[in-house]
Amino acid sequence: MDNSNKLLNHTIMKKVLITLGVILVVACNGKKEEKAPAEATVVEAKKTEVLLYTLDGGHITVNNLNLFAQGDTYKGASKELSNAFYVVKHPMGTLLWDTGLPEGLVGQDPYTPPGGAFTISRTDSIANQLSQIGMKAVDINFIALSHIHFDHTGAANHFGEATWLVQTPEYEFASSEGIGESGFYDTSAFAQLKKVQQLSGDHDVFGDGTVVIKSMPGHTPGHQVLYLELAETGPVLLSGDMYHFNENRENGIVPQFNHDIPQSEQSIKAFEAFAKETGAVVYIQHEPLDFAKMPKAPNALK
Ligand SMILES: [Zn+2]
């Protein structure tokens with residue numbers, strides 16, 4: 001072996017050693033990393049914990065159920081409705097969804113407004129119910145109303161510190177002329193909501209897809225529903241007033257007092273398609289059977 005060959009062999013050996021070294025390092029790293037993917041999988045599998053608290057916004061006896069359909073479907077019928085509202089607790093903040101009937105009803109006899117279509121009552125204030133889940137009004141970061149009918153806005157004025165997430169058509173409708181003449185609206189009930197974030201369509205509240213407001217207009221110009229992904233329960237849809245009770249949903253029935261009936265029919269299609277696509281469990285906010293299914297404060301649906 002001449003010197004040049006020795007040198008070549010030496011160089012080859014050096015390369016081999018370096019290569020072996022690299023392989024060893026990679027192998028060692030590989031061993032070290034054996035644990036890392038397992039840990040990463042555990043982190044990924046732990047879903048964001050979103051809690052859904054169901055609170056009691058009062059009770060409605062519908063004396064004239066025929067209002068809740070076209071034609072005479074429910075002529076002569078009456079029905080008891082619940083009036084649920086909700087607190088959604090996400091690691092990044094809290095969202096209040098609806099607020100129930102006017103709080104002035106608390107401690108009063110059931111009240112029948114002029115026209116006699118409804119008799120309404122409310123037994124508990126929002127502050128008292130929030131205290132049962134360890135919260136105060138100032139702990140609410142966002143407030144969203146499914147829509148501005150009076151049975152959803154009744155305690156909204158406590159939340160002037162929160163950001164109001166409202167569809168632009170609903171916001172504009174709320175300040176439109178003549179709205180005060182309808183018994184369905186009391187704009188003074190949410191006049192304190194000054195921190196306004198107008199929405200034009202769906203809105204992912206915390207940016208991770210677990211709490212999403214879905215625009216579903218028709219019942220009012222900017223009616224919306226709420227989609228949630230809960231860690232244990234899975235996907236959930238809160239109906240707003242897309243439907244008022246189970247038979248409404250089963251038959252795809254639109255109340256005659258809806259703001260826009262063809263638009264309501266479109267939203268029903270969109271709602272059902274979305275519910276099917278996501279496999280979401282639907283909770284109808286005014287349906288007493290759905291209200292009864294929910295854990296009561298201080299417990300939450302997980
Ligand atoms: Zn309504």
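Predicted model: local features only at pLDDT ≥ 70, side-chain atom pairs only at ≥ 80, totals over all residues.
Local features here need pLDDT of at least 70, side-chain atom pairs count only at pLDDT 80 or more, and totals for chains, interfaces and linings use all residues. Residues are numbered from 1 along each chain as its sequence is written, and side-chain values use heavy atoms, with hydrogens and water left out.

**Stop 1: the whole chain.** Start with a cartoon view: you will find 7 helices and 12 strands (DSSP runs, H or I of at least four residues for helices, E of at least two for strands). Now colour by burial: 46% of the 302 residues count as buried, meaning under 20% relative accessible area with a 1.4 Å probe, protein chains only.

Stop 2: How many cavities of 30 Å³ or more does the structure hold? There are 3. A cavity is a set of points on a 1 Å grid over the protein atoms alone where a 1.4 Å probe fits but cannot get out; lining residues have an atom within 4 Å of a point. Select I60, F68, F118, D151 and F184, which lie nearest the centre of the largest cavity, among its 13 lining residues. Its volume, the space filled by probe spheres set on the points, is about 100 Å³.

**Stop 3: the second largest cavity.** Next, select M216, P217, G218, H219, H223, D241, M242, V254, N258, S264, S267 and I268, which line the second largest cavity. The volume here is about 50 Å³.

Technical notes: 1 Å grid on protein atoms, 1.4 Å probe; cavity = no way out; pocket = protein on both sides within 12 Å on 5 of 7 lines; lining within 4 Å. Buried < 20%, exposed > 50% of the residue type's maximum accessible area, 1.4 Å probe, protein only.
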